[in-house]
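Colleague: I am new to this structure and would like to learn how to read its side-chain contacts. Please take them one at a time.

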Amino acid sequence: MLLNAVEKAMMNNPVRAAVQRRFEAKRLLEMGGALPAGARALEIGCGRGVGTELVLDLFGAASVDAFDLDPDMVARAKKRLGDRARIWVGDAEKIDAPDATYDAVFDFAIIHHVPAWRNALAEAARVLRPGGRFYVEEIMRAFIHSPVWRRILDHPMEDRFDARELHEALVDAGFDVIAERRLFDQVAWFVAEKR
């Protein structure tokens, strides 16, 4: 699902980029470590490309593919990244990549936007090679269903998850969860390894 105008503005500002760079990505890096030399990575829902930059610069990916459902965000990411990454318009439920293509997949709070989010987890597992890592930062049901955020943001309301349910769904999709942290009932971070 595409971001509404308010959330798009929230995601396309220097404060969001600073939080992602100084806090969110560093937390995932501490939990799951840098990527091995020569690693090929995928970012689901790349937005304007800040996360893709982090995957390249902070996690050390040799190459990154990235996609977003919104053509405007893809254009912004292409402008930001130039030839540093391959970027396209795509859908997390139908990732345009062969099986076992990537050493790592990154989700910087995108899967909660996907109505059939379990399909997105299955796709992440499909495109990861065995032993590949899935770095996940996600917004939980308590945040999405908050009366304040429901008025401002546009998220799917049905079948949302809490951290326990997301953990279970990762396991069901073929992952071993190797690290997990939670910020109350609002946000959770996972690093999972494909079996």
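Colleague: Which residue lies over the face of Trp189?

Modeller: A charge is counted over a ring if NZ of Lys or CZ of Arg is within 6 Å of the ring centre and within 35 degrees of the ring normal. Here Arg27 lies over the face of Trp189, at 4.4 Å from the ring centre. This is a predicted model, in which local features need pLDDT of at least 70 and side-chain atom pairs count only at pLDDT 80 or more, while totals for chains, interfaces and linings use all residues. Residues are numbered from 1 along each chain as its sequence is written, and side-chain values use heavy atoms, with hydrogens and water left out.

Colleague: How many aromatic pairs does a search of the whole structure find?

Modeller: A pair of aromatic rings is described by the distance of the centres and the angle of the planes. Rings of Phe, Tyr and Trp (its six-membered ring) pair if their centres lie within 6.5 Å; planes under 30 degrees apart count as stacked, over 60 as edge-to-face and the rest as tilted. The search finds eight such pairs. One of them is Phe59 with Phe106, an edge-to-face pair with 4.7 Å between centres and 65 degrees between the planes.

Colleague: Where in the chain do Phe59 and Phe106 lie?

Modeller: Helices (H or I, at least four residues) and strands (E, at least two) are DSSP runs, numbered from the N terminus. Phe59 is in the loop between helix 3 (50-57) and strand 2 (63-68), and Phe106 is in strand 4 (residues 102-108), so the pair ties together parts 47 residues apart in sequence. Phe106 also pairs with Phe108, and that pair is stacked, at 6.0 Å centre to centre and 20 degrees between the planes. Ring pairs link Phe59, Phe106, Phe108 and Tyr135 into a cluster.

Colleague: Is Phe108 buried or exposed?

Modeller: Buried means under 20% relative accessible area, exposed over 50%, and partly exposed in between (1.4 Å probe, protein chains only). Phe108 has a relative accessible area of 4% and is buried. Phe106 is buried as well, at 0%.

Colleague: How many salt bridges does the structure hold?

Modeller: Side chains of opposite charge can pair when their charged atoms come close. A salt bridge is a side-chain nitrogen of Lys or Arg within 4 Å of a carboxyl oxygen of Asp or Glu. The structure holds 20 of them. In one, between Asp65 and Arg86, the closest N and O atoms are 3.2 Å apart. That pair links distant parts of the chain, with Asp65 in strand 2 and Arg86 in strand 3 (residues 86-89), 21 residues apart. Asp65 counts as buried at 5% relative accessibility, whereas Arg86 is partly exposed at 41%.

Colleague: What is the distance between the closest N and O atoms of Asp159 and Arg118?

Modeller: They are 2.4 Å apart, in a salt bridge. Asp159 lies in the loop between helix 7 and helix 8 (163-172) and Arg118 in helix 5 (residues 117-127), so this pair ties together parts 41 residues apart in sequence. Asp159 counts as partly exposed at 39% relative accessibility, and Arg118 counts as partly exposed at 44%.

Colleague: Which side chain does Arg133 meet in a salt bridge?

Modeller: Arg133 meets Glu193, at 3.2 Å from N to O. Arg133 is in strand 5 (residues 128-139) and Glu193 in strand 7 (residues 187-194), 60 residues apart. Elsewhere, salt bridges that share partners join Arg141, Asp162, Arg164, Glu165 and Glu168 into one network.
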